[in-house]
Amino acid sequence: MFNDLAGKRVLITGSTMGIGLATAQAFAALGAKVGINGRRAPENLASLLDGMHAADGEAAFFAADLSSRETCHQLVADFVTRFGGIDVLINNAGGLVGRKPLPEIDDDFFDAVNDLNMRSALACTQAALPYLKTAAQTSGQTSAVISVGSIAGHTGGGPGAALYGAAKAWLHNIHKNWVDYHTADGIRFNIVSPGVVDTAFHADKNEEVRQRISSGIPMGRFGKPEEVAPAFLFFASHACAGYITGQILDVNGGQFMP
Ligand code: NAD
């Protein structure tokens with residue numbers, strides 16, 4: 001059912017590693033044209049791109065630090081120059097930035113967390129909107145915006161992660177407004193909300209902490225990036241999800257059930 005993703009132009013923010021990279025590779029394997037993005041090119045960029053080309057896809061890297069509105073708009077413009085339009089935007093760039101308990105949150109930290117997790121998704125979606133609309137009109141299939149939420153957006157986040165959790169909840173919520181006002185443009189808006197996924201995001205945790213977290217997950221372990229990627233394929237595919245919008249798909253091993 002994912003056959004309709006061949007040739008689709010898919011821009012994935014923050015995709016040089018982790019969930020974004022696994023998702024880029026999954027789209028490339030289905031013959032999509034994939035834009036991967038990070039603040040700077042990873043050392044293994046050439047082999048990453050070769051791998052995606054060998055797997056039937058087409059891939060290009062776009063360097064951009066997405067913490068400002070201008071760079072987000074530039075990223076979308078660069079992707080469109082390269083591929084001629086956008087069918088699917090995945091707002092994946094995000095992260096904790098750091099952990100600060102309430103008394104330690106200052107304006108710089110507030111701005112940094114919200115710029116990365118909220119402003120980047122808002123600005124990229126804003127810039128992509130006309131292209132997504134055109135793509136839907138010319139293809140006769142819906143286009144898709146998929147943002148990466150989080151279990152923290154449901155629960156409030158762990159120690160020192162209040163701003164991060166709130167930013168993800170903001171994303172969960174703003175999609176509802178976009179559904180109300182942009183479905184008529186042929187665009188669907190859905191969220192993939194991971195639980196605890198084994199990426200650099202958890203690099204600060206030692207084995208004891210990882211065991212403790214795993215014991216609170218019904219599946220008894222962290223998820224893998226490649227176990228999250230298929231959720232994006234599903235939402236991106238018009239054949240699979242053409243009548244699905246405004247939804248949150250939780251991929252969390254049963255750790256949280258809304
Ligand atoms: P990761 O640290 O492995 O990847 C983060 C990606 O974002 C990297 O490709 C990095 O280059 C990019 N990035 C960071 N800052 C950027 C910036 N300013 N501009 C452009 N790119 C930037 O983390 P991940 O776990 O793969 O996270 C991917 C998404 O999933 C994030 O939105 C994260 O909040 C979310 N998430 C992760 C987990 C988890 O447990 N790993 C859980 C819930 C949600």
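## Close-up views of a predicted model

**View 1. Ala-161, a buried loop residue.** Ala-161 has a relative accessibility of 4%, so it counts as buried, the cut-off being under 20%. The model shown here and in the other views is predicted. Ala-161 sits in the loop that runs between helix H5 (151-155) and H6. Its C-alpha atom is 5.6 Å from that of Arg-99. Along the chain, Ala-161 and Arg-99 are 62 residues apart. Leaving aside residues up to four places away in sequence, Ala-161 touches Leu-96, Arg-99 and Gly-156.

**View 2. The residues around the ligand.**

View 3. Tyr-164 contributes an N or O atom of its side chain, 2.6 Å from an oxygen atom of the ligand. Thr-16 also uses its side chain: an N or O atom there is 3.1 Å from a ligand oxygen. With Gly-14 the backbone is involved, and one of its N or O atoms lies 3.0 Å from an oxygen atom of the ligand. How much of the ligand's accessible area does the protein cover? On its own the ligand has 820 Å², and the protein covers 94% of that.

**View 4. Thr-125 in helix H4.** Thr-125 belongs to helix H4, which spans residues 107-139. Is Thr-125 buried or exposed? Its relative accessible area is 4%, under the 20% cut-off, so Thr-125 is buried. The Thr-125 side chain makes a polar contact with the side chain of Asn-91, at 3.0 Å. Asn-91 is also among the residues that Thr-125 touches, once those up to four places away in sequence are set aside.

**View 5. Asp-56, a loop residue with positive phi.** Asp-56 is not a glycine, yet its phi is positive, at about 95°. The residue lies in the loop joining helix H2 (45-54) and strand S3 (58-63). Its relative accessible area is 61%, over the 50% cut-off, so Asp-56 is exposed.

View 6. Val-97 is found in the loop between strand S4 (88-91) and H4. Where does its accessibility place it? With a relative accessible area of 48%, Val-97 is partly exposed.

**View 7. The whole protein, for orientation.** The protein contains nine helices and seven strands. Its radius of gyration is 17 Å, close to the 18 Å from the globule rule for 258 residues, so the protein is as compact as a globular protein of that length. Along the principal axes, the C-alpha atoms fill a box of roughly 50 × 35 × 35 Å. Of the 258 residues, 50% are buried. Among contacts with a separation of 6 or more, 73% are between residues 24 or more positions apart. The accessible surface is about 11,800 Å², and carbon and sulfur atoms account for 53% of that surface.

Technical notes. Residues are numbered from 1 along each chain as its sequence is written. This is a predicted model: local features need pLDDT of at least 70, side-chain atom pairs count only at pLDDT 80 or more; totals for chains, interfaces and linings use all residues. Side-chain values use heavy atoms; hydrogens and water are left out. A polar contact is a pair of N or O atoms within 3.5 Å; within protein, one must be able to donate a hydrogen and the other to accept it, and residues adjacent in sequence count only if both atoms are side-chain atoms. Accessible areas come from the Shrake-Rupley method with a 1.4 Å probe; for residues, only the protein chains shown count as cover. Helices (H or I, at least four residues) and strands (E, at least two) are DSSP runs, numbered from the N terminus. The radius of gyration is taken over C-alpha atoms; the globule rule is 2.2 Å times the number of residues to the power 0.38. Buried means under 20% relative accessible area, exposed over 50%, partly exposed in between (1.4 Å probe, protein chains only). Contact means heavy atoms within 4.5 Å.
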